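User: Hey, I've got this model open and want to get my bearings. Can you walk me through a few spots?
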Amino acid sequence: MQLPLQPDQILKDALDFNRKITHGLLTLRDVGDISVGTTPKEAVYREDKLVLYHYRPTVDKPAKTPLLIVYALVNRPYMTDLQEDRSIIRNLLDHGEDVYLIDWGYPDGADRFLELDDYINRYLHHCVQHVCKAHDLRRLNLLGICQGGTFSLCYTALHPERVANLVTMVTPVDFHTPNNVLSDWARELDVDLLVDTVGNMPGELLNWSFLSLKPFRLTGQKYADLADIMDDPVKLRNFLRMEKWIFDSPDQAGEAFRQFIKYFYQQNRLVTGGLEIGGREVSLRQVTAPVLNVYATEDHLVPPQSSIALEKHVGTKDYTAIAFPGGHIGIYVSGRSQKEVPPAIASWLQERSR
Amino acid sequence: MSGIEDTTEAWTKVWMDAQKQYLDTWMKLSGGSRDWPGAPAPFGWGGASPWGDPLQQWSSLMTQALPRDSQGISTRLFDLGKSYLSLGETFWHLMQQGKGFTGSATDWQETLKNSLAAAGGLGLTGQDHVDPWSGMATFWGLPLNNWQRFACSFSPFPGEMEKALRPESVTQPSEMTRAVRQMLSLPPVGYTREWQEQAQEWTQLYLDYARTLQEYAQLLGKVGQRTTELFSGKLGGQLKKGRSLEGLRDAYNLWIDCGEEAYAEAVATPDFSHLQAQMVNALMRLKRHEQEMVHEVMTALNMPTRQEMDTSHKRVYELQRRLNALQDTVENLASSMELAEESRATRETPHASPVKRKTPARKKAAAQKPGQPKPRVKSKTRKG
């Protein structure tokens, strides 16, 4: 009977693993601190902890209508500009877009009472006003990512006159589709007790939820793979950048988190109706601007069906969907996404600018 | 197959010799010395895991020398290393015993399954697999291990306190738990009775949290058992087809695949969502009560409290909202006045040219660099 694995081979592999880790530590010692966000940018507007950045165009004549990127409150927006060769922003700039990005900052105890109304009708609205004023325009293009996409949908529904074109990327819309594990976990959570107790939602708790979706891969196997690349400083730095982003989790303003969990995850109001933000009803039927919906087919955080549902509910007559064959993270940073997603977005926007 | 213990000594000797050679070489290469304060001896370690203990000490020394950004990752890497090598050790034992096996592939699969079950699953060598906490340093303990790290960082009480309550079973509370619950039923008396009530309630909430945590751990324990079943089945399937594993990493990757599959089956059940939510809710109830107790103490000491801070923050926030609303009103009024002024000026000077309002320039297609690839992603457009 043939053994599945020879004992000598196991010992050899174990020693090899040991060697990789110990030598890798020497490389790790020498890589220094990790930098992110390499594309030149300028802070053009600040409000409380929010900073609005304008990226320096890389073409002589960028698009007349600027593109404002609205990232999620969860994790940091530098994922869109992680490094020179993995940057959605740099690619959009190279394809002629004039790009702005909202950095929501790190909320602390003083921000605990911020509501969705503040994020959407105040912070986001003020950024839109600022960009429009700077370009002497009434409308701009919005690119909302993940939760930022949900915010962008709400904003477009509430302020349709301000949005020329809307792009949503890996955006949850229907929170009650099958296989939405995060949504299942949130259903029975006593979010009132949680927020009344902790105030702001700790980033660590959110991270625990995300890692718990695939615990064996995300907290185990990933580091076994790391051992294989530790002697390569370039690959190691790339890994460390991603690792830095994953564990760079801002706390969530308590009231906004309470509303987001209740209204969206528990009650699914964005598609079932009854969603009010700042005392005004939010209806996806009010989203009449052209919509490009980009989703990832292997997304474990935002199931594709949750994003695809947008088509049924949105009011626009100009709706395009793009299915990217990859996961929630890969859509920002994979080599394939760099080649395919930003050009597709830029092309779609430019077709509607003519 | 008998006696995983029989091969322990052999494994330790082989591993120690290899480690000794490797460490000697590494020390020479890195220019270090084994004589630093508190340094582990590179061989001759005792304990259940000849690899894990020195690795842990080694990692704690190395981690301090690393840049800040890399310290967290080295900790996670060493955690993985311990699990990985633990798997290697267990697998080595199994293969050593299998050397003389003469049965069929089916027999081997069954033997492997039984051996793994006896060991409590890969990485659980010699531990009691009935205890759901016994695998906390191993693969299927990961979700719970992550939670424990979070919960400990979130509570003023040490993790050791929770460990003391682990013997509690959901159906059969331990002697300690029974004693604590009996104590809780005593009526508070005397001058400090209110504080006694608070302490009793806190203890009750702590026991409730410990119970939900135990239930969650037991559910994850089933993931471990299921992982072992899947692993034995898939490995056996490969053997029947005449395939073997290429190395330890192959075995590890297969184990991870099985773990994720078993975990996915578990999390898809309503029980899992329910238990997880109950665990978080129980921790929050406990934490809330702790806050109330701390608030009372701080108030008695005339110190500022979280409650007061929240009140202040809320007032500042509400003032800011009112200010924003006023600012919007003022801006709207200013715009209205400007329009009215323009209108009046036009009426009073009918021959004057109207005020020019800027209009957006004609839209042009943005410049695109030559040679850029066209998108290949699959898309669908609806146009009305």
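User: Where is A:Tyr123 found?
Analyst: In helix α3 of chain A, residues 116–135. Helices here are DSSP runs of H or I with at least four residues, strands are runs of E with at least two, and both are numbered from the N terminus. Before we go on: this is a predicted model, so local features need pLDDT of at least 70 and side-chain atom pairs count only at pLDDT 80 or more, while totals for chains, interfaces and linings use all residues. Residues are numbered from 1 along each chain as its sequence is written, and chains are lettered from A and ligands numbered from 1 in the order in which they are written.

User: OK. Is A:Tyr123 buried or exposed?
Analyst: A:Tyr123 is buried, because 22 other C-beta atoms sit within 10 Å. The cut-offs are 20 or more other C-beta atoms within 10 Å for buried, 12 or fewer for exposed, and partly exposed in between, with C-beta atoms placed from the backbone.

User: And what is A:Tyr123 in contact with, leaving aside neighbours within four places in sequence?
Analyst: A:Glu47, A:Leu50 and A:Asp118. Contact means C-beta atoms, placed from the backbone, within 7 Å. As for A:Val31, it is 92 residues from A:Tyr123 in sequence and 37 Å away in space, C-alpha to C-alpha.

User: Switching topic. Which residues touch the most other members of the largest nonpolar core?
Analyst: A:Leu68, A:Ile69, A:Val70 and A:Ile345, out of 159 residues in that core. A nonpolar core is a set of buried Ala, Val, Leu, Ile, Met, Phe, Trp, Tyr and Cys residues joined through C-beta atoms within 7 Å.

User: Which helix gives the most to this core?
Analyst: Helix α8 of chain B (residues 193–240), with 12 residues. Domain 1 (1–100) and domain 2 (127–323) of chain B both give residues to the core, so it lies between them. Those domain bounds come from an automatic or database domain assignment.

User: What does A:Leu68 touch, not counting residues up to four places away in sequence?
Analyst: A:Tyr100, A:Cys127, A:Val128, A:Val131, A:Leu140 and A:Leu142.

User: Now α10(A). How many of its residues are buried?
Analyst: 10 of the 13, so α10(A) is largely enclosed by the rest of the structure. Among the buried ones are A:Phe257, A:Phe260, A:Ile261 and A:Phe264.

User: What do those buried residues of α10(A) pack against?
Analyst: α3, α4 (147–158), α5 (181–187), α6 and α11 (269–272), in chain A. Just after α10(A), A:Asn268 takes a positive phi of about 55°.

User: At what angle do the axes of α6 and α10 of chain A cross?
Analyst: Roughly 170°, and the axes come within 10 Å. Axes are lines fitted to C-alpha atoms, for helices over the stretch in contact, and angles run from 0 to 180 degrees between N-to-C directions. α6(A) and α10(A) are therefore roughly antiparallel; that label is for angles over 145 degrees, with under 35 counted as roughly parallel, 65 to 115 as roughly perpendicular and the rest as oblique.

User: Which residues make the contact?
Analyst: From α6(A), A:Val191, A:Asp192 and A:Val195; from α10(A), A:Gly254, A:Phe257, A:Arg258, A:Ile261 and A:Lys262. By class that is 4 nonpolar, 1 polar and 3 charged. Here Ala, Val, Leu, Ile, Met, Phe, Trp, Tyr, Cys and Pro count as nonpolar, Asp, Glu, Lys and Arg as charged, and the others, Gly among them, as polar.

User: Last one: where is B:Asn302?
Analyst: In the loop between α10 (270–300) and α11 (306–348) of chain B. B:Asn302 is exposed, with 6 other C-beta atoms within 10 Å.

Key:
Two residues are in contact if their C-beta atoms, placed from the backbone, lie within 7 Å.
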